[in-house]
Amino acid sequence: MTMLIAAVSGLGAAIIGFLVLQCRCSARGPLRALGVGFVMTFRNLPLVPLLLFLTFGLPGLWTALSGRPFPRGLELTLVILGLALNTAAYLAEIMLAGVTAVAPQQVAAARSLGLTPGAIRRCVIYPQAARIVAPALASRFIHNMKNSTVALVVPLPVDVMEVVGQAGRIAGQTFSWAEPLIFAACVHLLLAVCLGHVLNRWASLEQARIGATA
Amino acid sequence: MRLDLASVPTELPVPSTMVLRLDGVGKRFDAGPIFERVSFNLRRREVLALCGVSGSGKTTLIKIIAGLVGFDEGRLEIGETDVRADVRYPNELYGKIGVIFQDHNLFPHLTVLGNVTLGLREHKRLSVRQAKERALFELEHMGVASLADRYPATLSGGERQRVAIARALAMDPFLLLLDEPTANLDPERAEEVCERVLALAESGVTMVLVTHNVILARQAASRFALLQDGCCTVSREPAILDRLRYRRV
């Protein structure tokens with residue numbers, strides 16, 4: 001379940017982060033302001049209150065405003081949404097740093113070949129930016145996976161509880177805290193090391209493939 | 001891969017006799033004007049060598065002609081398109097003016113072939129096969145077809161510059177702008193690039209050649225422009241280049 005939460009929230013964060021990047025790079029002032037506002041909000045908002053608001057505050061607001069009960073069984077979705085929103089704010093900033101790091105001469109060369117602004121972004125800027133910020137993105141995805149433990153504060157059903165939550169549940173039943181928590185820590189460590197290795201390996205292989213120095 | 005050379009166009013399409021006309025073009029930065037009232041014409045198959053000391057605005061002028069930088073006064077005609085100060089180039093004009101940058105600006109994440117086919121696929125909308133054929137023809141022409149699968153970071157300076165020339169020529173430009181193509185190259189690599197530039201000039205490609213290499217300028221160009229102290233003087237006599245004054249530091 002930890003892997004599922006990390007994967008889905010990571011994917012969601014990447015999509016939301018990319019959309020926020022589009023807003024921040026837009027020529028239209030309101031869109032840029034929207035992008036800045038998103039980052040300001042979700043980067044500065046602590047994750048625990050955000051998750052508590054989404055899982056407790058939002059259903060309460062929904063019921064108060066619509067007069068109908070909030071649909072049941074959405075806790076996990078809301079936890080994933082909270083994680084995705086939080087991580088997306090950081091990913092958008094990392095992506096923006098990558099985009100601005102691409103040399104302007106590259107854009108000039110692409111423009112002189114007759115590429116449209118969209119094609120320049122798609123074919124020249126984003127592929128180069130992705131390689132530049134790959135290590136930072138890898139760190140952020142690992143952080144997102146570790147953040148999934150914060151879902152502990154939300155009373156999720158047993159079958160969708162992540163590994164630290166499961167460890168706490170088992171400890172509550174057996175009155176033995178050490179073994180379940182050591183196991184949960186080992187699971188997190190293993191997943192983080194594997195994910196970091198895969199992403200960094202990809203980045204170094206790409207660098208080697210194009211002949212650039214790492 | 002075998003090349004079907006018969007299917008590859010070898011003639012550069014030219015819109016009219018007059019390819020380029022600058023009329024009183026001026027550009028200023030915050031610190032003041034970099035040049036003022038630059039005026040010259042360039043006809044089909046002519047090669048103009050543009051010389052001047054570093055900082056005189058040669059690269060800026062090339063970028064203005066390429067539509068990469070705006071200008072503050074005057075008028076510019078590219079082919080049949082009239083561009084005035086503070087007016088953006090029409091999109092269709094990009095891709096028809098080939099630019100070879102001083103530091104080549106190849107895309108590091110693409111192979112040599114990928115660099116040359118990018119504009120063909122995205123601007124000219126050629127199929128992958130057609131783009132590859134066209135690109136390999138130009139690479140062959142520049143003597144770097146064997147490097148098609150290599151990445152720019154693994155090439156020498158001279159090879160990169162030849163790939164950059166192939167990339168620009170593959171787009172069938174009616175005007176080629178070369179910004180110090182032999183800069184940053186050792187004498188041997190510079191010689192290789194000079195030979196290619198001279199061959200292009202002899203084959204009738206219309207060019208503006210920015211260079212500090214007076215010998216190359218004299219050999220390749222039919223007209224000469226000197227950009228100095230904010231003014232541009234144009235002549236058919238190469239002797240004008242003798243007026244070039246390098247500042248002592």
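The model is predicted: local features need pLDDT of at least 70, side-chain atom pairs count only at pLDDT 80 or more, and totals for chains, interfaces and linings use all residues. Residues are numbered from 1 along each chain as its sequence is written, while chains are lettered from A and ligands numbered from 1 in the order in which they are written.

Chain A contains 8 helices and 0 strands, where helices (H or I, at least four residues) and strands (E, at least two) are DSSP runs numbered from the N terminus. Its C-alpha atoms fill a box of roughly 65 × 45 × 25 Å along the principal axes. Of the 214 residues in chain A, 33% are buried; a residue is buried if 20 or more other C-beta atoms lie within 10 Å of its own, exposed if 12 or fewer, and partly exposed in between, with C-beta atoms placed from the backbone. Two residues are in contact if their C-beta atoms, placed from the backbone, lie within 7 Å. Among contacts in chain A between residues at least 6 apart in sequence, 73% join residues at least 24 apart.

Two helices of chain A may be set side by side. Helix 6 (residues 117-147) has 31 residues, yet its end C-alpha atoms are only 36 Å apart, short of the 45 Å that a straight helix would reach at 1.5 Å a residue; the expected span is 1.5 Å times one less than the number of residues. A kink of about 60 degrees lies at A:V133 in helix 6, shortly before the proline A:P135. The bend at a residue is the angle between axes fitted to the seven residues ending there and the seven starting there. For helix 7 (residues 163-174) of chain A, the 12 residues should span 16 Å, and the end C-alpha atoms are 16 Å apart, which agrees. Its buried residues, A:V163, A:V164, A:G165 and A:A167, pack against helix 1 (2-25) and helix 8 (178-209) of chain A. After helix 7 comes A:F175, whose phi is positive, near 60 degrees.

The contact between the chains takes 18 residues from chain A and 19 residues from chain B. On the side of chain A that touches chain B, helix 5 (104-112) and helix 6 each supply at least two residues.

In chain B, 4 strands form an open sheet in the order 2-1-4-5, with antiparallel pairing. Strand 2 and strand 5 (81-84) stand at the edges with a single partner strand each, so one side of each is left without a neighbour in the sheet. Two strands pair if DSSP finds at least two bridges between them. Strand 1 (residues 18-29) is joined to strand 2 (residues 32-43) by 8 bridges, and these strands form a hairpin with 2 residues between them. Here B:L22 stands opposite B:F40.
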